[in-house]
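Please view the sequence and the model first, and then read the points grouped by topic.

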Amino acid sequence: MEAHAHGAAHELQIPYNVHPRPDTGLYNAKLGIWLFLASEVMLFGALFSSLILLRTGAPTWPRGWTFLNVPLATVNTFVLIASSVTVVLAWANLRLGNLKWGRLFIAGTLLCAVIFLVNKGFEYHHEFEMHRYPRTSNFMAVYFTMTGLHGLHVLGGVVVFLYFLFPGAKMWKTDRARYTNRIEVAGLYWHFVDLVWIFLFPTLYLL
Amino acid sequence: MLTALTVWACYGLKMPVHYAIMIALAIACTKGFLVAGFFMHLLTERKLIYSILMLTVFFFAVLLWGPWHHFVDMIGHQ
């Protein structure tokens, strides 16, 4: 009975969460996050595809910069790129065995994410004050759908980094390499969120 | 710097839409390459990741082909 319970516990352990699998050359979480990101490319790709279809099919299409808040969106672009830098620094410090600085840079990433969301909140508030809603026009529908979905991804990142900053950091005492890998995987997701914004910003605000 | 350049080129110069689209997308692609290549370590990644991404790029191209085909068809009818 005891041997059976021990065997079951052994089976539940996720293999290759630190060392790479011999056949893939990657640890499982890294392969998993890349597959997830591939599905995310298709999700945002479908929305970009819809935008192109609507824009080329419309007789007139508003140019975002004539009424959207370009300076605020520019600041948000800088903030997201800065957060990508801080997450790389967090991972690099953890690799060097420096938890204190690693957590500090995770906190920096979180701060950037919160600034981004607050700015986005101001932007949405202004749009609603001007009576511009998703039902107002195709442009506004696309704008709210794409920036809203992107904002939800930022919010998801905030939840993940909050977990790794506080309760998740306990893993550092028991399994440093696995904790560092978790930050790398979360960082890959975060860079993708940054990457989506890099294309959303000119598409919606400048063109 | 590239972000500032995009804003200046599209917002500051107020150039025709088709030029602005080309410039903005070229700068966005450069920024995307820098983020994916260096921050996401894609320049030195395993072959399996490249295979996954190649498949993604193929399906992404199929997604974009639809609207592009519609656009070309629309021009043909005008």
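**Briefing on the predicted model**

Counted from the N terminus, the elements of chain B follow the order α-α-α. The model is a predicted one. Its chain B has 3 helices and 0 strands, and 29% of the 78 residues of chain B count as buried.

**The interface of chain A and chain B**

- Chain A brings 42 residues to the contact, and chain B brings 38 residues.
- About 3,500 Å² of area is buried between chain A and chain B, and carbon and sulfur atoms give 82% of that area.
- Between the two chains there are 3 residue pairs in polar contact, with both residues at pLDDT 80 or more.
- On the side of chain A that touches chain B, at least two residues come from each of α2 (28-57), α3 (70-95) and α7 (176-206) of chain A.
- Helix α2(A) gives the largest share of that side, with 16 residues.
- Sorted by class, the side of chain A that touches chain B holds 27 nonpolar, 10 polar and 5 charged residues.

**The salt bridge between the chains**

- The interface of chain A and chain B contains 1 salt bridge.
- In this salt bridge the side chain of Lys30(A) meets that of Glu45(B), at 3.2 Å from N to O.
- Side chains of opposite charge can pair when their charged atoms come close.
- Lys30(A) counts as buried because its relative accessibility is 11%, under the 20% cut-off.
- Glu45(B) has a relative accessibility of 12% and therefore also counts as buried.

**Salt bridges within chain A**

- Over all chains, the count comes to 5 salt bridges.
- One of them joins the side chains of Arg21(A) and Asp23(A), at 2.7 Å from N to O.
- Arg21(A) is partly exposed, at 29% relative accessibility, whereas Asp23(A) is exposed, at 57%.
- As for where the pair between the chains is placed, Lys30(A) belongs to helix α2 of chain A, while Glu45(B) belongs to the loop between α2 (17-39) and α3 (47-77) of chain B.
- The side chains of Lys120(A) and Glu123(A) form a further salt bridge, at 3.3 Å from N to O.
- Both Lys120(A) and Glu123(A) are in helix α4 (residues 99-129) of chain A, where they stand 3 residues apart, about one turn of the helix.
- Lys120(A) counts as buried, at 5% relative accessibility, and Glu123(A) counts as buried, at 1%.
- Lys30(A), Glu184(A) and Glu45(B) are joined into one network by salt bridges that share partners.

**The largest nonpolar core**

- There are 66 residues in the largest nonpolar core.
- The residues with the most contacts inside this core are Trp34(A), Tyr143(A), Tyr179(A) and Tyr205(A).
- Two or more residues of this core come from each of α2, α3, α4, α5 (138-165), α6 (171-174) and α7 of chain A, and likewise from α3 of chain B.
- Helix α7(A) provides the largest share of the core, 16 residues.
- In soluble globular proteins, nonpolar side chains tend to be buried together.

- Glu123(A), which lies in helix α4 of chain A, touches Asn69(A), Leu72(A), Tyr143(A) and Tyr205(A), not counting residues up to four places away in sequence.
- Tyr143(A) and Tyr205(A), both touched by Glu123(A), are among the residues with the most contacts inside the largest nonpolar core.
- Glu123(A) and Leu68(A) are separated by 55 residues in sequence, and their C-alpha atoms are 8.2 Å apart in space.
- Asn119(A) also has its place in helix α4 of chain A.
- Asn119(A) is buried, because its relative accessible area is 10%, under the 20% cut-off.
- Leaving out residues up to four places away in sequence, Asn119(A) touches Leu72(A), Val75(A) and Asn76(A).

Terms used: Residues are numbered from 1 along each chain as its sequence is written. Chains are lettered from A and ligands numbered from 1 in the order in which they are written. This is a predicted model: local features need pLDDT of at least 70, side-chain atom pairs count only at pLDDT 80 or more; totals for chains, interfaces and linings use all residues. Side-chain values use heavy atoms; hydrogens and water are left out. Contact means heavy atoms within 4.5 Å. Buried area is the accessible area (1.4 Å probe) that two parts lose on being put together, summed over both. A salt bridge is a side-chain nitrogen of Lys or Arg within 4 Å of a carboxyl oxygen of Asp or Glu. A polar contact is a pair of N or O atoms within 3.5 Å; within protein, one must be able to donate a hydrogen and the other to accept it, and residues adjacent in sequence count only if both atoms are side-chain atoms. Helices (H or I, at least four residues) and strands (E, at least two) are DSSP runs, numbered from the N terminus. Ala, Val, Leu, Ile, Met, Phe, Trp, Tyr, Cys and Pro count as nonpolar, Asp, Glu, Lys and Arg as charged, and the others, Gly among them, as polar. Buried means under 20% relative accessible area, exposed over 50%, partly exposed in between (1.4 Å probe, protein chains only). A nonpolar core is a set of buried Ala, Val, Leu, Ile, Met, Phe, Trp, Tyr and Cys residues joined through side-chain atoms within 4.5 Å.
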